[in-house]
Amino acid sequence: MGIGLDAVTALSPTGDSRAGEVLRLRREISRMQRRRSDDALLPLDPAFASLLPEEGLLTGTAYTVSPSPSLVLALLSAASRKGHWSAVVGMPTLGVEAAAAFGIDLSRLILVPEPAERWLAATSALAEVVPLIVVQPGSRARDADVSRLNARLRDRGCTLLVAESSAGEWPQSEGSIRIDDPHWHGLGAGWGLLSDCTVTVTARTRRAPMPSRVQVRLPGSRGIVEPFIAEQQGVEQRDIEQSLRGPELTALPSLSSEASPRNTIPDLELSLWAEAG
């Protein structure tokens, strides 16, 4: 038997004080029940558009992503701005203020911060009605459960982003989106404030196994993802080199015969004769 809406009741056993809240959530999910999405792609922020060959996230598939809250919010932002619902399961450190800063519509965002061992049931239930879900597994899932969830994704046209965890790599994923080489800016030689972070985002998919990379500010100066322009890279490189060299010293003016009359600077030869006696 598959994992469906009936599994939501399993999130709260009999006698649990949260049973009423779980039942309310189930009624809300039933009210939201949607037909299968006809969209082949979910949009990405323009800064990520060149990462994937389709320039968007394929619906009905799963991607493995780095467990970075900034990356997760950046991947959700474009779809949310288009009016799509999204959900995040098992990431208690993800903040709603940061989500709002990325342009995510909080009225269309479902958070399940600590599902514990019930993360799979929660994810499967949400896949019925939410087109874009992020989950950080709290434990390793059985192959049969993963296959059933992947079948649910295909049937409902839902896209799943699986944040890497100790549970291991997500099987049968369409591809991966990871961040590397973070470089924070704003600090000088012992002074300054952190302003933004430059990272390299790398994507691989089944259709494009060769890695594709982009450099972005994540977060940028405004707290959201921003493209990293080549001119900025040159300016920052010069700033780094300058901070390593330290402050430049102004050259002292050379002493010429006109600027230094002989009666003000003792002649070396005369001084030697004076010392000789």
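W119 is buried, with a relative accessible area of 2%. Here, buried means under 20% relative accessible area, exposed means over 50%, and partly exposed lies in between, for a 1.4 Å probe and protein chains only. W170 also counts as buried, at 7% relative accessibility. This is a predicted model, in which local features need pLDDT of at least 70 and side-chain atom pairs count only at pLDDT 80 or more, while totals for chains, interfaces and linings use all residues. Residues are numbered from 1 along each chain as its sequence is written, and side-chain values use heavy atoms, with hydrogens and water left out.

Rings of Phe, Tyr and Trp (its six-membered ring) pair if their centres lie within 6.5 Å; planes under 30 degrees apart count as stacked, over 60 as edge-to-face and the rest as tilted. By this rule the count comes to one aromatic pair. The ring centres of W119 and W170 are 6.2 Å apart and their planes stand at 70°, so the pair is edge-to-face. W119 belongs to helix α4 and W170 to the loop between β7 and β8 (175–187), so the pair ties together parts that are 51 residues apart in sequence. Helices (H or I, at least four residues) and strands (E, at least two) are DSSP runs, numbered from the N terminus.

## The nonpolar cores

A nonpolar core is a set of buried Ala, Val, Leu, Ile, Met, Phe, Trp, Tyr and Cys residues joined through side-chain atoms within 4.5 Å. The largest such core has 38 residues, and F48, L57 and V216 have the most contacts inside it. Two or more residues each are given to this core by β2 (56–58), β3 (62–65), α2 (69–81), β6 (132–135), β7 (159–163), β9 (192–205) and β10 (212–217). Helix α2 supplies the largest share, seven residues.

With contact taken as heavy atoms within 4.5 Å, and not counting residues up to four places away in sequence, F48 touches L71, A74, L75, V201, V214, V216 and V225. A second, separate core has 20 residues, including A62, V130, L160 and V162. In soluble globular proteins, nonpolar side chains tend to be buried together.

Helix α2 has 13 residues and reaches 18 Å from its first C-alpha to its last, close to the 18 Å expected at 1.5 Å a residue. The expected span of a helix is 1.5 Å times one less than its number of residues. Ten of the 13 residues of α2 are buried, so the helix is largely enclosed by the rest of the structure. These buried residues are L71, V72, L73, A74, L75, L76, S77, A78, A79 and S80.

Just after α2, G83 takes a positive phi of about 100°. W85 is found in the loop between α2 and β4 (86–89) and is partly exposed, with a relative accessible area of 24%. From C-alpha to C-alpha, W85 and I110 are 8.0 Å apart in space, although 25 residues apart in sequence.

## Helix α5

Helix α5 (residues 143–156) has 14 residues and reaches 20 Å from its first C-alpha to its last, close to the 20 Å expected at 1.5 Å a residue. Its buried residues are D145, V146, L149, N150, R152, L153 and R156. Seen down the axis of α5, these fall within an arc of 155°, so they line one face of the helix; the arc is that of the directions from the helix axis to the C-beta atoms. The buried residues of α5 pack against β3, α4 (119–126) and β7. Just after α5, G157 has a positive phi of about 70°.

Q172, in the loop between β7 and β8, has a phi near 60°, a positive value in a residue other than glycine. Q172 is partly exposed, with a relative accessible area of 43%. D181 lies in strand β8 and has a positive phi of about 50° although it is not a glycine. D181 is partly exposed, at a relative accessible area of 48%.

## Confidence in the model

The predictor's confidence in each residue is its pLDDT, from 0 to 100. The chain averages a pLDDT of 77, and 65% of the residues score at least 70. Confidence is lowest in helix α7 (residues 268–276), at a mean of 46, and highest in β6, at 97. Over residues 231–236 the pLDDT is below 50, and this stretch has eight contacts in the model beyond near neighbours in sequence. Residues 247–266 also have a pLDDT below 50, with six contacts beyond near neighbours in sequence. Where pLDDT is low, the predicted coordinates should not be read in detail.
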